[in-house]
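User: I'd like to go through this structure and ask what stands behind each label. Can we start with the ground rules?

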Amino acid sequence: MAGKPADYRDVHIGSLIEERRLRAGLSREALAGPLDVSLSQLGKYLKGANRLSATDLDVVARVLGVPVGYFFESMPGRDLPQPGLSDRPQARLEALEGWTGFAEAVARAADTHLDGDRRQALGSLVRAVDHALSGQQSFDKANVSAPSD
């Protein structure tokens, strides 16, 4: 049984792969090798005629040095994201009450320049500092898991 047919999203992803491949100066052979596909099959992926699996998209992202999310960030039709069944709506960082001007600037920069994983990591760090400063959790060298200088 064949998978779903390719559509405009596959064309979008293929064009981004081709653009990044060219900017990186990689040959088609250098990209087809790690995917273990023929040049003909790679061409179908790049044109969006065939759909890449999630596993193959991960391989491509690693070869091109971009996060997998890179291929979806500018996806047409993604202007108004709809939450999934398990997703809770999240307030944008700069909309939260209690932020100082500095924190608002950091939140805006994070929202503009960081991908979802990095925003999440920054949010975890901010929450840890907030907990430590509010006395909910001690924050001293004994609690630091990374080696100190």
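Analyst: Helices (H or I, at least four residues) and strands (E, at least two) are DSSP runs, numbered from the N terminus. By that count the protein chain has seven helices and zero strands, and its elements run α-α-α-α-α-α-α from the N terminus on. This is a predicted model, where local features need pLDDT of at least 70, side-chain atom pairs count only at pLDDT 80 or more, and totals for chains, interfaces and linings use all residues. Residues are numbered from 1 along each chain as its sequence is written, and side-chain values use heavy atoms, with hydrogens and water left out.

User: Why are H1 and H3 called roughly perpendicular to each other?

Analyst: The axes of H1 (residues 8-24) and H3 (residues 39-47) cross at roughly 115° and come within 6 Å. Those axes are lines fitted to C-alpha atoms, for helices over the stretch in contact, and angles run from 0 to 180 degrees between N-to-C directions. Angles under 35 degrees count as roughly parallel, over 145 as roughly antiparallel, 65 to 115 as roughly perpendicular and the rest as oblique. H1 and H3 are therefore roughly perpendicular.

User: What makes the contact between H1 and H3?

Analyst: From H1 come Asp10, Val11, Gly14, Ser15, Ile17, Glu18 and Arg21, and from H3 come Tyr45, Leu46 and Lys47. Contact here means heavy atoms within 4.5 Å. Sorted by class, that makes four nonpolar, two polar and four charged residues. For the sorting, Ala, Val, Leu, Ile, Met, Phe, Trp, Tyr, Cys and Pro count as nonpolar, Asp, Glu, Lys and Arg as charged, and the others, Gly among them, as polar.

User: Which residues of H3 are buried, and what covers them?

Analyst: Buried means under 20% relative accessible area, exposed over 50%, and partly exposed in between (1.4 Å probe, protein chains only). In H3, Gln41, Leu42, Gly43, Tyr45 and Leu46 are buried. Their cover includes H1, H2 (28-35) and H4 (54-64). Over the whole protein chain, 23% of the 149 residues count as buried.

User: How do you know whether H1 and H4 are parallel or perpendicular?

Analyst: Look at the angle again: the axes of H1 and H4 cross at roughly 25° and come within 10 Å. H1 and H4 are therefore roughly parallel to each other. The contact uses Ile13, Ile17, Arg20 and Arg21 of H1 together with Leu57, Val60 and Leu64 of H4. Its residues divide into five nonpolar, no polar and two charged.

User: And what are H2 and H4 called, oblique or parallel?

Analyst: H2 and H4 pack at about 135°, with their axes 9 Å apart, and are therefore oblique to each other. Leu31, Pro34 and Leu35 of H2 meet Asp56, Val59, Val60 and Val63 of H4. That contact divides into six nonpolar, no polar and one charged residue.

User: Why does aspartate 36 count as exposed?

Analyst: Its relative accessibility is 72%, so aspartate 36 counts as exposed. Aspartate 36 is found in the loop between H2 and H3. Its phi is near 60°, a positive value in a residue other than glycine. For background, most residues other than glycine have a negative phi.

User: What about glycine 3, buried or exposed?

Analyst: Glycine 3 counts as exposed because its relative accessibility is 64%. Glycine 3 lies in the segment before H1. In sequence, glycine 3 and asparagine 50 are 47 residues apart, yet their C-alpha atoms are 9.8 Å apart in space.

User: Why is leucine 26 called partly exposed?

Analyst: Leucine 26 has a relative accessible area of 24%, so it is partly exposed. This residue lies in the loop between H1 and H2. Leaving aside neighbours within four places in sequence, leucine 26 is in contact with Arg21, Val63 and Leu64. Leucine 26 and leucine 64 are 38 residues apart in sequence and 8.7 Å apart in space, C-alpha to C-alpha.
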